[in-house]
2 protein chains.
Amino acid sequence: MEKQVLGGLQWRINVPNGMSKELDPECSCYCKPWLALKSLVGGLVARVLRFLDKAWALGVSEPKKVIHGFKVGIALSLVSLFYYVRPLYDVFGGNAMWAVMTVVVVFEYTVGATLSKSINRGTGTFLAGSLGIGVHWVASQSGEKFEPIILGISVFLLASAATFSRFIPSVKARFDYGAMIFILTFSLVSVSGYRVDKLIGMAQQRLSTIAIGTSLCIFISMCISPIWAGDELHRLIHRNMEKLAESLEASVANYFRDNQSGYPSQEDNSKKTQAYKCVLNSKATEESMANFARWEPAHSPFNFRHPWKEYLKIGALLRECACCIETLSGCLNSEKQGMEHLKGYLKHASMAVCSHSCNVLRELSKSVKTTTKSSKLYLSVGEMKFALQELQNALKSLPTQLILEQVLASQANENKSTTKKECAPPVMEVIPLATLVSLLTEIVARIEEIVDGVIKLAELAEFKAFNEEKIAQNQSTSNNQRSDNPSCETEP
Amino acid sequence: MEKQVLGGLQWRINVPNGMSKELDPECSCYCKPWLALKSLVGGLVARVLRFLDKAWALGVSEPKKVIHGFKVGIALSLVSLFYYVRPLYDVFGGNAMWAVMTVVVVFEYTVGATLSKSINRGTGTFLAGSLGIGVHWVASQSGEKFEPIILGISVFLLASAATFSRFIPSVKARFDYGAMIFILTFSLVSVSGYRVDKLIGMAQQRLSTIAIGTSLCIFISMCISPIWAGDELHRLIHRNMEKLAESLEASVANYFRDNQSGYPSQEDNSKKTQAYKCVLNSKATEESMANFARWEPAHSPFNFRHPWKEYLKIGALLRECACCIETLSGCLNSEKQGMEHLKGYLKHASMAVCSHSCNVLRELSKSVKTTTKSSKLYLSVGEMKFALQELQNALKSLPTQLILEQVLASQANENKSTTKKECAPPVMEVIPLATLVSLLTEIVARIEEIVDGVIKLAELAEFKAFNEEKIAQNQSTSNNQRSDNPSCETEP
């Protein structure tokens, strides 16, 4: 009773600023759990809505992922026919389960990954199955007492060795899944062989259902809007080049723009400035894509033995360049103070280096995208180098003049009056500009390395000569429109 | 006949340098395949030997991975008892297979990963199983004709949705495996329910075997030399700090050492200089470890709600710092030419900044490693800042003097003779030093951010105060000896 009365009262407390504040009346003990439940459900609903919103946004921005979902659905519906169709079920019975399991586990986003997992699964099952049957035969020959012991020891040893082998980088990169399937199948075959009579028949049925499952997956993933790991890697690399150009341009433009118009414009650019971050984080995706791309058959512009390794090398060079741009952007941000009058002297030359570097990057990106040798590449590289030379000259000539002026002025002052004016140390003001020039020099050097990498790729992958460029360009325009995805590429 | 005679002849050709060279007699058609086989087998054996050699080296450097292999072996041997022991087999029958499968699939390197997979597997199986039974009931009520259609459509829709959900970052990070198991179980239960009569009994048995498998995995992974994801993340972070210190020290030392003793010393250092590369590539490992660490119960110095997210923030700051060191090392390498006389002026001050920065990094590393608030941290940071100020002063005072001397000298020359001597542009020579100072300034700024990150971590994770430091230090020495692994930490 007392609590309920208290619940009806209003409570006020004095707040430091002199006002008094009304406290919410405390709830009765019946009302509390209800409120808690309400807020819990409300929170849950809000969370689910946010989740659905995110999912919708993802689906809109990357419809390929939605299509992949449907592809898996189709594969699973087809493979369920093993159960629905009487004659099929009569043949395979409960082993049809393995076909369903295979589809769920093996069907991956890209064709290469699906192929790699299928081959891993097939090979792992076959090897482990044969070995398991062999071990089972040996064990069954050695008497009832020793059979479980021999089986147990062989499972222990092989499982330990295969598990450890998954840590070895070369196995981990390509046969990780195969090793797991090996352990699984070997254990199942050798151990369940202890109880099952028709072991070989069972093994055959399992192998054939797995074969049916994998071929279904491969067929669907290659025939219904296929997503090639090679394409993804290719696109990642040339989009990363564009991102570097974007970042570099935005960082330098930001630095020099602040001069005139202040902060607001900077914020518009901040997304562009940060584009290099995607490049820095793309190593894992590149490596797995290159790994899967090796399994893929020839498709569109790529032969079977397309030099995917070169993409990894170019990717590493891009990351080094991104590192440099990151540092440049950091240095430029932290050195905003003062020296506005000096900035003006180098603005034109710096912007020229920057825009020519970006031209080279974009030319490279275009060349990779269209798998065409660029006609303008060497010209662009020459222009970039020339612009860098000009910038260095500008820096070289700038301070000497300034310093001479200042020194002469201070000497004149000294002659005129006895108050000795201290010579201003202009080098402190030149440091940020010197850093800018140094970092731009380093960036240009790294871009030249990327150029070498792309030229090597063009040779190995036999890019088209540039007189065929026009045709390729037309083709790529449609490609470009289809695949333009503004967000950071993450591992699919 | 003719071929065999030809096979017996010797062939000679003239080589450009005037000598003639004996060609290996061509093999007969019987001998060719034999040679090919021989070289094939030889190559295979060499490859296997190389592989075993690598595996051995890995096992020696990381014995924990060998132990993990044995743990999996033990778990599998134990779970095979379901087949060997008659009463157990009588209860579970063929469903014992699911226990074996669970152990193979769920047992991961770290406790956190095993727990995460176990919970995912359990939850996914339970949810999908209940839903599958529900759908199966609805379908069975709707007549024989519609049953397979309803089942097929539900499999298609749910599998598509669940597959797509695996692309959503929040699901991918934590429930990827659970979603896969959901698809698998739902398909198996709803589809095989079409043929199997005692569906609920089967589902119960499967769930219980899975429960047995997962609890066995969790028990073994936590009791036999447990490998905690949290420990791995913790170690990765403090070792990365040490690596940054190593790299920074080696890069700057290299730059200034070349002066006196030339190239050879540089090569010894190249491994140390490259240590930052491990830091740049550790993002994926850090993220997965932090994800797994959240599932782990309290262990040794970490509570259940240890702020693992802070480690990720520190990791990101470390990578930014590593980027800066990468650029520094690149700039220093490409600017070796000339200005030897100027280098000397700044050598002492630069080395001081470098060594104080390294001190701070090592102090941070020690603080994180021992989970103790450092007593010397603020002192070290102060020293670092002071050293930086000194370096900037040195740079500030250096060129003014030099330039003044040169200008005065050239003026004197002008007065004395009519040959106008061009004033040498000393700024060009100062640029590399200015860059060095700028980049060191940037590195110091980033180290200060890392300091802030570690201080925040120390607060949130309630690091011990530094008067307890001595005890912790003693404890950590043994830790240190055990876990010192010289190679780059990769995702286990």
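Which side chains meet in a salt bridge at 2.8 Å, N to O? They are those of E326(B) and R446(A). A salt bridge here is a side-chain nitrogen of Lys or Arg within 4 Å of a carboxyl oxygen of Asp or Glu.

## Basis of the model

This is a predicted model, in which local features need pLDDT of at least 70 and side-chain atom pairs count only at pLDDT 80 or more, while totals for chains, interfaces and linings use all residues. Residues are numbered from 1 along each chain as its sequence is written, chains are lettered from A and ligands numbered from 1 in the order in which they are written, and side-chain values use heavy atoms, with hydrogens and water left out.

## Where chains A and B meet

In chain A, 88 residues are in contact (heavy atoms within 4.5 Å) with 88 residues of chain B. About 7800 Å² is buried between chain A and chain B, and carbon and sulfur atoms give 75% of this area. Buried area is the accessible area (1.4 Å probe) that two parts lose on being put together, summed over both. Y84(A), F167(A) and R195(A) supply 10% of what chain A buries against chain B, more than any other three residues.

Between chain A and chain B there are 2 salt bridges, the pair E326(B) and R446(A) being one across these chains. On the side of chain A that touches chain B, 53 residues are nonpolar, 21 polar and 14 charged. In this division Ala, Val, Leu, Ile, Met, Phe, Trp, Tyr, Cys and Pro count as nonpolar, Asp, Glu, Lys and Arg as charged, and the others, Gly among them, as polar.

## Aromatic rings

Over all chains the structure holds 14 aromatic pairs. Rings of Phe, Tyr and Trp (its six-membered ring) pair if their centres lie within 6.5 Å; planes under 30 degrees apart count as stacked, over 60 as edge-to-face and the rest as tilted. Y255(A) and F256(A) make an edge-to-face pair, 5.1 Å centre to centre with 75 degrees between the planes. Y255(A) is buried at 1% relative accessibility, and F256(A) is buried at 0%; buried means under 20% relative accessible area, exposed over 50%, partly exposed in between (1.4 Å probe, protein chains only).

In chain B, the planes of Y83(B) and Y89(B) stand at 40 degrees with ring centres 5.6 Å apart, so this pair is tilted. Y83(B) is buried at 3%, as is Y89(B) at 16%. One aromatic cluster is formed by F302(A), W308(A) and Y311(A).
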